[in-house]
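Biologist: Hi! Could you walk me through this model? I'm new to reading structures.

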Amino acid sequence: MSDQSPPAAEAEPIPLDLPSAAASPGIGTIGFLGCGQMGRALLSGWLSAGLVAPENVLVAARNSAAETAERFGVRASTPIEVAGEADTIILAVKPAQASALLRGLHFQLGQVVISTVAGVARAKLHASPARLVRVMPNTACRVGRGFTAILGTPDEMPEDIERAERLFSAVGAVATVSDEALFHGITALAASGPAFLFAAMEAMADGGVAAGLPRDLARRLVVHTFAGASALAGVAGASPSALKDEVTSPAGTTIRGLQVLEARAFRGALIDAIAAAADRSRELDKP
Ligand SMILES: NC(=O)c1ccc[n+]([C@@H]2O[C@H](COP(=O)([O-])OP(=O)(O)OC[C@H]3O[C@@H](n4cnc5c(N)ncnc54)[C@H](OP(=O)(O)O)[C@@H]3O)[C@@H](O)[C@H]2O)c1
């Protein structure tokens, strides 16, 4: 640690809109159309937060509905039953399946369909006479620390946005954005981003093992180091660059490691990874 740099930030933490955990009236029955990685993360987060009771949840999938229902104590269902019964419908199938699945179903007036589907513009998904809201969550919703962007254009009904905000703020932070074009970057950074960080965590743990640490200790250190760094960076006014300088003493251990990262274009690789993921999201949006 340097003894010369001023603290990066001493201000109040950024309010992260973390879960209220209170059961939320007005959500009604939640039905999942598709319940794989993303659907289960939401289901698990909402049940843990007490947002919905298991008997008020229906899950429909291709083959795995019964298994998911048994695991979470919810009701196994079919897409037709979900469209017929649920008040709030979570669309969590892969982009390629989304439009065809919705086209084959009959929705009801008053229902709200919430699409978590990456890359597919809201205007390309039709669930009439139900209303449709587009969101982009991430799998950290499973542990109440997700981030969800909600598309809130002037065309959207305020009560639908409010319903989405209530649902997703129960499992993490939310941001309502009015420009749908931002969803490509949001998807890359916040939905794909955790995978990039997991890859970094795995590699850093390997580095710890290479430095002689037992595997379990290396994994624990990585998890706590990421959590601590994230908490520091989340303080209002904090700058990652200043925080990095705090840790980087002249001729110390950190600068030696940073030299290697710079030589291997670490930052350039991350910038390119986010840009590539955003490009892929744009591709998914093409017919
Ligand atoms: N994974 C993420 O981190 C993440 C983050 C943000 C957004 N998303 C979005 O979430 C959506 C789902 O992704 P995922 O990672 O959860 O995929 P996944 O694990 O493959 O889950 C897809 C689910 O859809 C079901 N399914 C497929 N075709 C169906 C059909 N015709 N009718 C009913 N159910 C059907 C599958 O059933 P079976 O289980 O029986 O195969 C499975 O439960 C995607 O659109 C993705 O863009 C994902």
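Biologist: Which helices each supply at least two residues of the shell around the ligand?
Modeller: Those are α1, residues 37-49, and α4, residues 95-103. Please keep in mind that this is a predicted model.

Biologist: Okay! And which residues come nearest to the ligand?
Modeller: Gly34, Gly36, Ala61, Ser64 and Ala118 come nearest, out of 27 residues around the ligand.

Biologist: How do the residues of that shell divide into nonpolar, polar and charged?
Modeller: The shell has 15 nonpolar, 10 polar and 2 charged residues.

Biologist: Let's zoom out. How many helices and strands are there in the chain?
Modeller: The chain has 11 helices and 8 strands. Its C-alpha trace spans about 65 × 40 × 35 Å along the principal axes.

Biologist: What percentage of the residues count as buried?
Modeller: Of the chain's 287 residues, 30% count as buried. Here is another number for the whole chain: take the contacts between residues at least 6 apart in sequence, and 67% of them join residues at least 24 apart.

Biologist: Now the helix pairs. What describes two packed helices?
Modeller: The angle between their axes and the distance between the axes. Take α6 (residues 182-191) and α11 (residues 266-284): their axes come within 8 Å and cross at roughly 130°. That angle makes α6 oblique to α11.

Biologist: Is the crossing of α6 and α11 left-handed or right-handed?
Modeller: α6 passes α11 in a right-handed crossing. On the α6 side, the contact is made by His184, Gly185, Thr187, Ala188 and Leu189. The α11 side brings Ile274, Ala277, Ala278, Ser281 and Arg282. The residues of this contact divide into 5 nonpolar, 4 polar and 1 charged.

Biologist: Nice. At what angle do the axes of α7 and α8 cross?
Modeller: The axes of α7 (residues 193-210) and α8 (residues 215-233) cross at roughly 135° and come within 8 Å. These two helices are therefore oblique to each other. α7 passes α8 in a right-handed crossing.

Biologist: Which residues meet there?
Modeller: From α7 there are Leu197, Met201, Met204, Ala205, Gly208 and Val209. They meet Arg215, Ala218, Arg219, Leu221, Val222 and Phe226 in α8. This contact of α7 with α8 divides into 9 nonpolar, 1 polar and 2 charged residues.

Biologist: Switching to the backbone: which residues does a cis peptide bond join?
Modeller: Serine 128 and proline 129, with omega at about 5°. Proline 129 sits in the loop between β5 (112-115) and β6 (131-136). For context, most peptide bonds are trans, and most residues other than glycine have a negative phi.

Biologist: So what is phi for alanine 251?
Modeller: Phi of alanine 251 is near 55°, a positive value in a residue other than glycine. You'll find alanine 251 in the loop between α9 (240-247) and α10. Alanine 265 also has a positive phi, about 60°, although it is not a glycine. Alanine 265 lies in the loop between α10 and α11.

Biologist: Why does alanine 265 count as exposed?
Modeller: Because alanine 265 has 11 C-beta neighbours inside 10 Å, and exposed means 12 or fewer. Alanine 251 is exposed too, with 6 other C-beta atoms within 10 Å.

Biologist: Last one: where is isoleucine 255?
Modeller: Isoleucine 255 is in helix α10, residues 253-263. This isoleucine 255 is partly exposed, with 13 other C-beta atoms within 10 Å.

Technical notes: Residues numbered from 1 in each chain as written. Predicted model: local features only at pLDDT ≥ 70, side-chain atom pairs only at ≥ 80, totals over all residues. Axes fitted to C-alpha atoms, helices over the stretch in contact; angles between N-to-C directions. Helix = DSSP H or I, 4+ residues; strand = E, 2+ residues; numbered from the N terminus. Parallel < 35°, antiparallel > 145°, perpendicular 65-115°, else oblique. Left-handed = near helix turned anticlockwise from the far one by under 90°. Contact = placed C-beta atoms within 7 Å. Nonpolar A, V, L, I, M, F, W, Y, C, P; charged D, E, K, R; others polar. Near = placed C-beta within 6 Å. Buried ≥ 20, exposed ≤ 12 C-beta atoms within 10 Å, placed from the backbone.
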